[in-house]
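The sequence and the model are shown first.

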Amino acid sequence: MRIKNVTYQKACHLIASNIRDLIKTHTTSVLGLATGSTPIGIYQELSKMRDTNFSDTITFNLDEYVGLNGWHPQSYNHFMYEHLFANLTFKKRYFPSVNGVALYDDLIDAYGGIDIQILGIGTNGHIGFNEPNTPRDSKTHVVDLTENTIKDNSRFFDSIDEVPSQAITMGIETIMNTKRIYLVAQGKHKKDILEKAIYGDITPEVPASFLQEHDNLKVFYCD
Ligand code: PGA
């Protein structure tokens, strides 16, 4: 496994192009989408693809906060609307929810699984909201956010007190079951954890390290 060191624009362009190729060659495609600052450039690239028809594509979001309704500006529903769904029409768009938590993995399976999953990485090595020491066999579940993640995400809120303390996330097993993964880390503050995840020991202390066992993973570092 090798980390590709490329510009952020290049990584986003490449990933968006691979999504377009998938969609053009499949009747129905299933995408696993992430939020946060990392994937914004990918969504900008996709939004420009006026020659591609996304109306047979299904999307499953990786995670969502507990306790923010879909129109809250910091909810991931709202984030996706702002950065992608306002620009492109998809067949179905799914988000994990407290009520649907037990059925999310089954729903993904019912569509034949996720073809391409976009992932960022947290500074503590989390993927989705799978914080350190999440079991390898976890499915979609509700999590208590760590102080580290609440602190990292507080930059998007008016104050740290407004950051929800819980979220719903695809589990590590859910992510490992996806057919192809693009993991992107942007910024010097992510370099050490990315290298630890990809070149270090596979350990629940660094949830992203499990990705080393995925047989179709591409990793990009953009400084
Ligand atoms: P970021 O978050 O893209 O906002 O850096 C990534 C993550 O925490 O998974």
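## Ligand site

In this predicted model, an oxygen atom of the ligand lies 2.9 Å from a polar backbone atom of Ser-37.

In soluble globular proteins, nonpolar side chains tend to be buried together. Here the largest nonpolar core has 70 residues, and those touching the most other members are Ile-19, Leu-46, Phe-60, Leu-84, Leu-183, Leu-194 and Leu-211. Helix H1 (residues 8-25) supplies the largest share of this core, eight residues.

Apart from neighbours within four places in sequence, Phe-60 is in contact with Val-30, Leu-31, Gly-32 and Leu-33, with Tyr-94, Tyr-104, Leu-107, Ile-108, Tyr-111 and Ile-114, and with Met-170.

Helix H3 (residues 76-85) is mostly covered, with seven of its 10 residues buried. These are Tyr-76, His-78, Phe-79, Met-80, His-83, Leu-84 and Phe-85. The buried residues of H3 pack against strands S2 (29-33), S3 (57-61), S4 (63-65) and S5 (92-94), and against helices H2 (40-47) and H5 (147-153).

In helix H7 (residues 191-199), the buried residues are Ile-193, Leu-194, Ala-197 and Ile-198. Seen down the axis of H7, these buried residues fall within an arc of 120°, so they line one face of the helix. Their cover includes strand S1 (3-5), strand S9 (181-186) and strand S10 (217-222).

## A loop serine

Ser-138 sits in the loop between strand S6 (116-119) and strand S7 (141-144). Is Ser-138 buried or exposed? Its relative accessibility is 9%, so Ser-138 counts as buried, the cut-off being under 20%. Not counting residues up to four places away in sequence, Ser-138 touches Asn-130, Gly-171, Ile-172, Glu-173 and Thr-174.

Terms used: Residues are numbered from 1 along each chain as its sequence is written. This is a predicted model: local features need pLDDT of at least 70, side-chain atom pairs count only at pLDDT 80 or more; totals for chains, interfaces and linings use all residues. Side-chain values use heavy atoms; hydrogens and water are left out. Buried means under 20% relative accessible area, exposed over 50%, partly exposed in between (1.4 Å probe, protein chains only). Helices (H or I, at least four residues) and strands (E, at least two) are DSSP runs, numbered from the N terminus. The arc is that of the directions from the helix axis to the C-beta atoms. Contact means heavy atoms within 4.5 Å. A polar contact is a pair of N or O atoms within 3.5 Å; within protein, one must be able to donate a hydrogen and the other to accept it, and residues adjacent in sequence count only if both atoms are side-chain atoms. A nonpolar core is a set of buried Ala, Val, Leu, Ile, Met, Phe, Trp, Tyr and Cys residues joined through side-chain atoms within 4.5 Å.
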